[in-house]
Amino acid sequence: MQQLTVLVVDDDRITTAILSRMLDKYADNVIVASNGEDGLALFREHRPEIVLSDINMPKMGGLEMVERIREIDEHVKIAIFTNFENRDILLKAIQYGVNQFFSKPFEAKIFGQVIQPLCDDALGKKRIRAELKRQQNILHAINEMAHNFLQQSDWKAALYQELFLLKQASETAAVFIYENDSNCESAKQLLAITDTDKIRGKKHIHYKRHHLMRWKRQLQRGELVNGCMREYDRSKQRILNAFQIDSLLILPIFVNDLWWGFLGIGNSNRQELAPTDVEMLSTVSSIIGSAINNKQNLQSLEMSSAVFEHTMDGVLITNANNRILHVNDSFEEITGYKESEVIGKDPKLLKSGKHDKHFYARMWDQLAQNDYWQGEITNRKKNGEIYIEWLSVNVIRNDKGEIENYIGIFSDVTHQRKDAHDQAYLATHDPLTGLSNRLLLNDRLEHAINHAHRFDKCIAVIFCDLDNFKPINDTYGHSVGDEILKGVAESLKDILRKEDTVCRFGGDEFVILVEELKSFDYLEKILEKIKSISRATFVIEGHQLSVGMSIGAALYPSDGNTSDLLLKRADEAMYKAKKNGKNMIAYYQDDPIIYCANTYII
């Protein structure tokens with residue numbers, strides 16, 4: 001299971017204690033720092049996947065720490081605690097790459113809605129990194145095998161070491177080789193490497209007596225066998241049990257076009273090996289067959305390139321001067337460039353312009369230091385389309401330590417990023433109208449009340465309910481009703497300021513939050529504009545339709561000082577409007593203009 005580490009940075013011990021408890025269900029490890037300086041040090045030491053930080057702290061503030069962290073890691077998920085009042089701080093936080101914002105105090109449901117997408121995205125990236133790293137390790141092991149194993153005059157002398165490295169790279173439970181007798185009726189075990197030294201499997205296999213004739217016929221035809229325990233009969237299950245594995249890939253080994261034996265690769269999970277793994281590992285049996293046949297020439301080395309041609313990830317190989325030597329089919333499918341168009345070119349032809357020179361400088365510095373680099377990068381296809389890829393670059397050196405090649409393996413993760421963004425959007429917005437939903441309204445209303453209390457401001461909560469909407473749904477159908485709701489939503493957005501919040505509260509109910517209300521006259525104008533929607537005609541599927549609107553308004557602080565109370569009072573005012581004949585405006589108090597003008601609205 002993927003492990004998730006979260007760093008919490010806040011000088012308030014109560015806050016860090018609360019967050020640590022709330023994070024128990026999301027993270028395996030929570031580390032805490034009381035200031036930005038300690039937070040930066042802990043980040044360097046533990047490299048957490050998510051950072052949660054306050055802004056104002058001693059020694060080093062949260063934004064300065066975020067800026068320093070972004071210099072180290074551009075992809076770590078970062079969320080900060082803010083009261084949303086200082087727009088300069090928010091803009092700077094966004095500029096530094098902050099992914100999400102929290103407000104204090106932390107409410108469990110809202111906290112979960114915000115932290116879950118961060119955790120999902122962080123774990124998704126971790127899984128992608130681990131899988132790409134594993135595939136890169138397999139490719140590197142195969143490349144080393146092609147260079148080292150095939151050069152041995154005695155291929156058996158190098159067999160154990162090369163297959164041991166392959167087992168490590170592929171993260172499998174068992175690797176073994178069987179050699180056929182002269183009549184191909186039975187096979188003896190030549191080598192077996194397992195997770196436990198005592199487990200060696202069967203020393204001899206008789207194809208007919210052990211009921212393995214179907215496997216034999218497949219292997220003789222050059223076909224592989226790939227399956228798991230639940231798919232096999234008892235005789236075949238005994239083979240897997242002997243190696244204590246749950247799934248098995250068997251690859252035929254041919255020497256001089258004759259079936260020599262087979263390579264077995266077993267896994268401890270109950271799923272058969274994925275197609276990408278099968279395509280990569282199939283190259284190994286070809287290399288072993290070539291070694292047995294003593295083909296110590298360039299043609300043998302080129303067999304390893306078959307993996308590049310068939311893997312689902314894009315692959316490109318460059319020389320030491322970073323000029324492209326080879327690309328696979330997946331590279332052409334992802335980028336739109338044909339091999340003939342890129343051979344001899346620098347991979348920078350894919351640059352999107354989204355990254356500055358410092359990004360590429362850091363990439364090359366890490367390649368020089370560690371012989372590998374991996375991360376998310378935005379590139380451009382031949383047709384100009386921007387896409388996001390997860391890229392792993394490995395440096396290949398010769399016996400003298402000199403760079404011979406760079407191998408890049410990448411996958412297009414654009415849709416994954418879009419899906420994550422869409423999920424975050426849907427968590428706070430109504431999918432039909434695109435307006436804020438109750439979750440986002442409650443959050444903004446809480447912030448608006450806190451702000452109004454601190455600076456002695458007034459806010460209005462307006463509750464709108466469409467009159468006679470049900471008959472439209474019943475007469476013309478829900479699709480027409482949906483179009484009415486979308487039309488009302490667009491009209492409300494056109495009427496109100498960008499800083500006002502428009503929410504589809506449910507069904508045919510809408511709630512509007514107007515902050516920093518400066519005059520009662522302005523509120524009346526807003527309400528009249530909202531009411532004017534009832535005079536509009538919507539033409540839908542050839543029908544001219546209109547809806548009335550009952551509108552109720554409540555004011556902070558005269559009508560309530562909590563979000564629940566304000567919503568309740570606005571709802572009661574709306575029902576007052578309905579009771580008085582519908583398609584009307586009503587206030588919770590009968591004389592709001594006097595109260596507001598004398599006391600709260602400046």
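**Charged pairs and cavities**

Me: Is Glu499 buried, exposed or partly exposed?
Reply: The relative accessibility of Glu499 is 45%. This is a predicted model, where local features need pLDDT of at least 70 and side-chain atom pairs pLDDT 80 or more, while totals for chains, interfaces and linings use all residues. Residues are numbered from 1 along each chain as its sequence is written, and side-chain values use heavy atoms, without hydrogens or water. Buried means under 20% relative accessible area and exposed over 50%, with a 1.4 Å probe and protein chains only, and Glu499 falls in between, as partly exposed.

Me: Which residue meets Glu499 in a salt bridge?
Reply: A salt bridge puts a side-chain nitrogen of Lys or Arg within 4 Å of a carboxyl oxygen of Asp or Glu. Here the N to O distance is 3.7 Å. The partner, partly exposed at 28%, is Arg497.

Me: What does Lys77 pair with, and which parts does that tie together?
Reply: Lys77 forms a salt bridge with Asp121, with the closest N and O atoms 2.7 Å apart. Lys77 lies in strand S4 and Asp121 in helix H5, so the bridge ties together parts 44 residues apart in sequence. (Helices, H or I of at least four residues, and strands, E of at least two, are DSSP runs numbered from the N terminus.) Lys77 is buried at 12%, and also buried, at 10%, is Asp121.

Me: In the salt bridge of Lys167 and Asp195, which residue counts as exposed?
Reply: Their side chains meet at 2.6 Å, N to O. Lys167 is buried at 11% relative accessible area. At 55%, the exposed residue is Asp195.

Me: What is the volume of the largest cavity?
Reply: A cavity is a set of points on a 1 Å grid over the protein atoms alone where a 1.4 Å probe fits but cannot get out, and lining residues have an atom within 4 Å of a point. The lining here includes Phe176, Trp215 and Phe262, with 10 nonpolar, no polar and no charged residues. The space filled by probe spheres set on the points, joined across faces, edges and corners, comes to about 80 Å³.

Me: Which element gives the most to the lining of the second largest cavity?
Reply: This cavity has a volume of about 40 Å³, and its lining includes Gln136, His140 and Asn394. Strand S16 is one of the elements that give two or more residues. The top contributor, with three residues, is H5.

Key:
1 Å grid on protein atoms, 1.4 Å probe; cavity = no way out; pocket = protein on both sides within 12 Å on 5 of 7 lines; lining within 4 Å. Nonpolar A, V, L, I, M, F, W, Y, C, P; charged D, E, K, R; others polar.
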